[in-house]
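Subject: Handover of a structure and findings

Dear colleague,

Please find the structure below, followed by an account of what was found in it. I would be grateful if you could read the two side by side.

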Amino acid sequence: MVMEESERTIGRDEPAPAFELPATSGDSYSLDDFGEYEALLLVFTCNHCPYAKAKFDLLNDVAAEYDEVAVVGINSNDAEEYPEDSFDRMTELVRDGTIAYDAYLHDETQDVARDYGAVCTPDPFLFRNEGGPEEPRFLLSYHGRLDDALNPDDEASEFYVRQAIDSILAGEEVDLEFMPSRGCSIKWRDD
């Protein structure tokens, strides 16, 4: 299993690239669908990577704890080569409660992962909404590790994602360095 670290491609205060992706709920989502939230946590993730699986509970907890934050998983992995990352399996994990994000989206073309510069799973991007519900404008506040647990079996003692969310909700700048995310490489298609 190859472990990758992300490289920053969207800078602080830059807008979130637009997308329109199908969700496990049967709906389709774009950035505008999250306009009612003060912040949007987009996490490029998957079903099989041990690094991603180790963060399921943390992301479920964040989704449950913060009503003002949308937690959205995006699976961009090649499901033909990695069947565990199929859309059907995504739906099963949501149905059985393993994943309880606000939305779990499928990036079959991998275009969204490329637009964001995501390279690993999990690779989180936290945006603040500067535009409000009618015309949301999501600007990057934090891109980096969710917590200080560097390996799947490590116990976290510091939760960077919560610190960043708390800063946004308090109307403050996020005072965290963008630390490279750690995880399995996104499984890119060969075509």
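In what follows, a residue is called buried when its relative accessible area is under 20%, exposed when over 50%, and partly exposed in between (1.4 Å probe, protein chains only). This is a predicted model, in which local features need pLDDT of at least 70 and side-chain atom pairs count only at pLDDT 80 or more, while totals for chains, interfaces and linings use all residues. Residues are numbered from 1 along each chain as its sequence is written, and side-chain values use heavy atoms, with hydrogens and water left out.

Ser185 is buried because its relative accessible area is 14%. Ser185 belongs to strand 10, residues 182–185; strands (E, at least two residues) and helices (H or I, at least four) are DSSP runs numbered from the N terminus. The side chain of Ser185 makes a polar contact of 3.2 Å with that of Lys187. A polar contact is a pair of N or O atoms within 3.5 Å; within protein, one must be able to donate a hydrogen and the other to accept it, and residues adjacent in sequence count only if both atoms are side-chain atoms.

Asp115 is found in helix 4, residues 111–116, and is partly exposed, at 47% relative accessibility. Leaving aside residues up to four places away in sequence, Asp115 touches Ile10, Pro17 and Ala18, where contact means heavy atoms within 4.5 Å. Asp115 and Asp190 are 75 residues apart along the chain, and 18 Å separates their C-alpha atoms.

Asp13 sits in the loop between strand 1 (3–5) and strand 2 (20–22) and is partly exposed, at 36%. Gln110 is in the loop between strand 6 (103–106) and helix 4 and is buried, at 0%. The peptide bond joining Thr121 and Pro122 is cis, with omega about 0°; Pro122 lies in the loop between strand 7 (120–121) and strand 8 (123–129).

Finally, the whole structure was searched for disulfides (pairs of cysteine sulfur atoms within 2.5 Å), and zero were found. For Cys46, which is in no disulfide, the nearest cysteine sulfur is that of Cys49, 4.9 Å away. Cys46 is buried, at 0% relative accessible area, and Cys49 is likewise buried, at 0%.

Yours sincerely
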